[in-house]
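Visitor: I am new to this one. Could you walk me through it, please?

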Amino acid sequence: MKRAITTILFWGACWGITESTLGYVLHLFSMAIPGLPGMLMFPIAFIFMHRVYDQTQDLLSVIQIALVASSIKLTDLMFGGLPTIYVVNPALSLLIEGLAVAMILAYVTHKQTFIRFHHCFFMGWIWRVVLLGYMLILSRFDLPAGLVTNGWTIALRFLFLESIINAILMKGYLVLPVKLERKAPSTALAWGMLLAAILLQGMF
């Protein structure tokens, strides 16, 4: 149990750190390259989720790592400076991503098969469908929901093009001939990474 907790905290913190640093940088470039954050950040998140699942062999850990990353994102509520909706939406998105990956991994495990390209595509596609549905509801209450209020071109790019690029990158990671280390991180390292993630979230 302790091994699983430290593994979840460590990879959840890695996900949170990546969101607050690389995610921030990618959003700066998204004006020049629309959709760039969505094209790259989900495959990176998948790597963290895949690693935690590989080390724990527990599908619940995939959802738990998403909860950790989502909670780190929510610490922005303590730091202030952003309207609540702009903090809650990204945090909810991370949680939906975790649920989508866990769902497909459960299917793949049940079928006793490898993670194939279409599985990777549907991981990205499913969470985007759910998020777009949520955004559609927000738009009915005049809340920020650019993915559905900025035109169908934006929504379709988000739903299909970004999902395809995600799948290419995720499948590329899966076929890399890299031997993954299954040793659990130390408790001190896991908690240290979590603290660093929270601090970085407050800085960016």
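Visitor: Leaving aside neighbours within four places in sequence, which residues is Met123 in contact with?
Guide: This is a predicted model. Contact here means heavy atoms within 4.5 Å. With neighbours within four places left out, the partners of Met123 are Phe42, Phe46, Ala100, Val101, Ile104, Leu105, Ile115 and Met170.

Visitor: How many residues does the largest nonpolar core have, and which have the most contacts inside it?
Guide: Such a core is built from buried residues, including Ala, Val and Leu, joined through side-chain atoms within 4.5 Å. The largest one has 51 residues. Those with the most contacts inside it are Trp15, Met49, Val101 and Met123.

Visitor: Which elements give two or more residues to this core?
Guide: The contributors begin with α1 (2-20), α3 (36-56) and α4 (59-74). The list goes on with α6 (84-111) and α7 (117-140).

Visitor: How many helices and strands does the chain have?
Guide: From the N terminus on, the elements run α-α-α-α-α-α-α-α-α-α. That gives zero strands and ten helices.

Visitor: What radius of gyration does the chain have?
Guide: The C-alpha trace spans about 45 × 40 × 30 Å along its principal axes. A compact globule of 204 residues would come near 17 Å. The chain agrees with that, at 17 Å.

Visitor: What share of the contacts between residues at least 6 apart joins residues at least 24 apart?
Guide: Take the contacts in the chain between residues at least 6 apart in sequence. Among them, the share that joins residues at least 24 apart is 74%.

Visitor: What percentage of the residues is buried?
Guide: Buried means under 20% relative accessible area. Of the 204 residues in the chain, the buried ones make up 46%.

Visitor: How far apart are the centres of the positive and negative side chains?
Guide: The chain has 13 positive and 8 negative side chains. The centres of these two sets lie apart by 10 Å.

Visitor: Where is Gln57 found?
Guide: Most residues other than glycine have a negative phi. Gln57 has a positive one, near 55°. Gln57 is found in the loop between α3 and α4.

Visitor: Is Gln112 buried or exposed?
Guide: Gln112 lies in the loop between α6 and α7. Its phi is positive too, near 55°. The relative accessible area of Gln112 is 74%. Over 50% counts as exposed, so Gln112 is exposed.

Definitions and conventions:
Residues are numbered from 1 along each chain as its sequence is written. This is a predicted model: local features need pLDDT of at least 70, side-chain atom pairs count only at pLDDT 80 or more; totals for chains, interfaces and linings use all residues. Side-chain values use heavy atoms; hydrogens and water are left out. Helices (H or I, at least four residues) and strands (E, at least two) are DSSP runs, numbered from the N terminus. The radius of gyration is taken over C-alpha atoms; the globule rule is 2.2 Å times the number of residues to the power 0.38. Buried means under 20% relative accessible area, exposed over 50%, partly exposed in between (1.4 Å probe, protein chains only). Lys and Arg count as positive and Asp and Glu as negative; His and the chain ends are not counted. The place of a charge is taken as NZ of Lys, CZ of Arg, CG of Asp or CD of Glu.
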